[in-house]
Amino acid sequence: MSGYNSYKDIQKMIERYVAGTATAEEAAFVESYYAYQDRNEVPDISADEKEALRKETFENISNQLNATPQTKKRIINIYRYATVAAVLLVATTTAYLFLHRASPSNKLENVSVKKPLDVMPGSNKAILTLADGSTMILDDKADGNLKELPGLIITKTRKGELVYKVLSKQSSEQITAINTVTTPKGGQYQVVLPDGTRVWLNAASRLTYPQFFAGKTREVKLEGEGYFEVSKNKAMPFHVFTGNQDVEVTGTHFNINGYMDDGSINTTLLEGGITLHHHGRSQKIIPGEQANVLTKPFAIKVQRVDTEEVVAWKNGLFEFNNASLRQIMSQLERWYDIKVDYSSLPAKRYNGMVPRSANLSRVLKMLEVTGNIKFEIQNNRQLSVMAE
């Protein structure tokens, strides 16, 4: 199997596998990635080590994919961080990952989810609620103007983006007008606010904001998860309120995960600087750090994190670093609009990445391959999990 000379080539192969259009040889190769050695957890490593191992993994995989037909088998020992070409999940209950050329005789068995039941991935969809209470459906269909107001035009694009174009000074009535964008489960959307700030909303999220920013501050409210690229304006600081937390910025890039059922509000800074305010306490955050505001008991914890993992959802991926099966199922619930039976979840943890464009059955298949578990999708979109 030749012609795989770049990361994109391998990624395309994985995308074909996810879409069900991969060749038999490609599918066998993808499925030949499996963990099988010790039952020890993969130890935590630094971001630099992880990046080095990602590069090493790609080189090894690229060499294997471009091996000559005479090459019967190659086994590569990749230790400490189990990753599969940055797209397959690998159970972290295993300390080693072995890669070899697959043949029909050694393909993994019992890895498929029952058919024809399946669930399509989420898409660009949301609801815009205007100040007068009227609502508009947002999707990724044709571009067009949604609303024309004095000095303001609200448009949407094919890319799943809502844009506020300020043409002139606003009236006092428009300044106090509040708009809301709400994404359902299985939905995501982008919003370009009147000041040029860009916000990416994850599934089951809500952003509330003024139709026009005026005064000494720019204030918005977030429920759920959002990634912000704030337009710089030192004279008018930007505030994001999530629960009892207030994130203050002048211009920067950051992510807030504020799903209330997760037990904490996690704010991650990628660029610039922010100050987090909560219950009279202030905490400055620098790039690469994440502030975890715990609700029970109240506490603020700051730690270094892999920012690529945190914002993977915005870039079309699920990325897990020593994530529990419960954490993974919580994300799948929101993106695929399903209900998970948590009563029998095994205590397994995972590393790796999976495209969010994959059908649910494909994601579950990858989990099954690497975790010795079985899933069943039922007609009512209920997902059952069983340990094998």
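Predicted model: local features only at pLDDT ≥ 70, side-chain atom pairs only at ≥ 80, totals over all residues.
The expected span of a helix is 1.5 Å times one less than its number of residues.

**View 1. Helix α6 covers residues 325-336.**
Helix α6 has 12 residues, and from its first C-alpha to its last it reaches 16 Å, close to the 16 Å expected at 1.5 Å a residue. Nine of the 12 residues are buried, so α6 is largely enclosed by the rest of the structure. The buried residues are L325, I328, M329, S330, L332, E333, R334, W335 and Y336. An α-helix has 3.6 residues a turn, so residues three or four places apart point the same way. Just after α6, D337 takes a positive phi of about 55°.

**View 2. A salt bridge joins D261 and R334.**
The closest N and O atoms of D261 and R334 are 3.8 Å apart. The pair links distant parts of the chain, 73 residues apart: D261 lies in the loop between β18 (253-258) and β19 (264-271), and R334 lies in helix α6. D261 counts as exposed, at 63% relative accessibility. R334 is buried, with a relative accessible area of 10%.

**View 3. The side chains of D195 and R218 meet in a salt bridge.**
The N to O distance in this pair is 2.5 Å. D195 lies in the loop between β12 (187-192) and β13, and R218 lies in strand β15 (residues 218-229), so the pair ties together parts that are 23 residues apart in sequence. R218 counts as buried, at 1% relative accessibility. Side chains of opposite charge can pair when their charged atoms come close.

**View 4. The side chains of D139 and K156 meet in a salt bridge.**
The N to O distance between D139 and K156 is 3.0 Å. D139 is in the loop between β7 (135-138) and β8 (144-149), whereas K156 is in strand β9 (residues 152-157); the two residues are 17 residues apart, and the pair links distant parts of the chain. D139 is buried, with a relative accessible area of 18%. K156 is buried too, with a relative accessible area of 9%. The count of salt bridges comes to five.

**View 5. Strand β16 (residues 238-242) contains H239.**
H239 counts as buried, at 9% relative accessibility. Leaving aside residues up to four places away in sequence, H239 touches T217, R218, E219, V220, D246, V247 and E248. One of these, R218, is also the salt-bridge partner of D195.

**View 6. Strands β20 and β21 form a hairpin.**
Strand β20 (residues 274-278) and strand β21 (residues 281-285) pair in the antiparallel sense over five bridges. T275 has K284 in β21 as its bridge partner. In a regular strand the side chains alternate between the two faces of the sheet. Two residues lie between the strands of the hairpin. H279, found in the loop between β20 and β21, has a positive phi of about 50° although it is not a glycine. With a relative accessible area of 57%, H279 is exposed.

**View 7. A204 is in the loop between β13 (198-201) and β14 (205-210).**
The phi of A204 is near 55°, a positive value in a residue other than glycine. A204 is partly exposed, with a relative accessible area of 30%.

**View 8. Three strands form an open sheet in the order β25-β28-β27.**
The pairing in this sheet is mixed. Its edge strands are β25 (339-340) and β27 (373-377), each of which pairs on one side only. β25 pairs with strand β28 (residues 382-387) in the parallel sense over two bridges. K339 stands opposite Q382 in β28.

Of the 388 residues in the protein chain, 51% are buried. Among contacts between residues at least 6 apart in sequence, 54% join residues at least 24 apart. The protein chain exposes about 18,300 Å², and carbon and sulfur atoms supply 48% of that area.

Key. Residues numbered from 1 in each chain as written. Heavy atoms only, no water. Pairing = 2+ DSSP bridges. Helix = DSSP H or I, 4+ residues; strand = E, 2+ residues; numbered from the N terminus. Buried < 20%, exposed > 50% of the residue type's maximum accessible area, 1.4 Å probe, protein only. Contact = heavy atoms within 4.5 Å. Areas by Shrake-Rupley, 256 points an atom, 1.4 Å probe, with all protein chains shown as cover. Salt bridge = Lys/Arg side-chain N within 4 Å of Asp/Glu carboxyl O.
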